[in-house]
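Please open the model in your viewer and keep the selection panel at hand.

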Amino acid sequence: LGRGLNNDFMFSIAVDPVNPKRIFVLTAGGWDTQLKSMEGLYASNNGGDDWSRAAAVATDVKARADFAMGSREHQENITYDPTSLDSNGARVWYAAVDCGQGTGPADGCYLYKSEDYGASWNPITTAYFGGHGNIHNLVVNPADPRTLYFSSSNGLYKSVDTGRTFAKVSSGLPSGEVGWV
């Protein structure tokens with residue numbers, strides 16, 4: 001797997017479109033207490049040879065357990081702002097930490113943002129993700145990078161303020177799960 005990444009229970013991966021040696025993964029621990037201590041957002045700047053934990057965040061046990069039992073659920077919880085691309089890569093990144101139904105704001109279920117090519121990540125604490133269900137994917141609108149969407153087992157959600165707040169999109173959509181945006 002590479003030095004520094006001792007958890008092979010990964011559920012989301014993103015590669016920088018300009019600098020393919022920059023890779024991010026979200027890992028989960030499931031019910032394995034040893035792996036729980038290693039879950040989080042990891043980064044590599046050398047194509048996966050070496051990894052460091054960019055953010056120690058808890059992830060959803062149920063979604064990972066379903067995945068381990070053969071679910072074909074695909075998740076893309078890490079994305080970048082396409083308008084932030086320069087010769088060094090994507091400057092602005094987002095990672096949706098999926099905690100299913102969540103247990104409260106202390107559980108770390110937030111949208112995390114980096115504005116320095118993924119070197120540091122901070123939670124946008126106004127964007128609490130617990131209660132939205134399992135997040136399937138997160139996207140930035142390429143025409144308006146202030147607008148983000150995520151699909152989940154509870155529907156489609158939209159932000160028009162770079163992820164500080166999200167509202168459920170229900171007009172014209174059936175209720176329930178939205179698998180992909």
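What follows is a sequence of selections, each with a note on what is there.

**Before selecting anything.** This is a predicted model, in which local features need pLDDT of at least 70 and side-chain atom pairs count only at pLDDT 80 or more, while totals for chains, interfaces and linings use all residues. Residues are numbered from 1 along each chain as its sequence is written, and side-chain values use heavy atoms, with hydrogens and water left out.

**Select the whole chain and colour by pLDDT.** The pLDDT, which is the predictor's confidence in each residue from 0 to 100, has a mean of 78 over the chain, and 72% of the residues reach 70 or more. Residues 61–72 have pLDDT below 50, and this stretch has 16 contacts in the model beyond near neighbours in sequence, a contact being heavy atoms within 4.5 Å. Where pLDDT is low, the predicted coordinates should not be read in detail.

**Switch to a cartoon.** The chain has 2 helices and 14 strands; these are DSSP runs numbered from the N terminus, helices being H or I of at least four residues and strands E of at least two. Of the 181 residues, 49% count as buried, where buried means under 20% relative accessible area (1.4 Å probe, protein chains only). Among contacts in the chain with a separation of 6 or more, 46% are between residues 24 or more positions apart.

**Select β1 to β4.** These 4 strands form an open sheet in the order β1-β2-β3-β4 with antiparallel pairing, two strands being paired if DSSP finds at least two bridges between them. At the edges are β1 (10–15) and β4 (52–55), each of which pairs on one side only.

Strand β2 is joined to β1 by 5 bridges, and another 5 bridges join β2 to β3 (residues 40–44); both pairings run antiparallel. I23 is the bridge partner of V15, and on the other strand I23 has S44 in β3 as its bridge partner, while F24 stands opposite A43 in β3. Which way do the side chains of β2 point? I23, V25 and T27 point one way, F24 and L26 the other, and all are buried.

**Show the aromatic rings.** A search of the whole structure finds 5 aromatic pairs, where rings of Phe, Tyr and Trp (its six-membered ring) pair if their centres lie within 6.5 Å, with planes under 30 degrees apart counted as stacked, over 60 as edge-to-face and the rest as tilted. F150 and Y157 form a stacked pair, 4.8 Å centre to centre with 10° between the planes, and both residues are buried. Next select F24, Y80, W93 and W121, which ring pairs link into a cluster.

**Finish at T79.** This residue is in strand β5 (residues 78–80). Why does T79 count as buried? T79 counts as buried because its relative accessibility is 12%. Not counting residues up to four places away in sequence, T79 touches W93, Y94, L138, V139 and V140, and W93 is also one of the residues in the ring cluster.

Conventions. Buried < 20%, exposed > 50% of the residue type's maximum accessible area, 1.4 Å probe, protein only.
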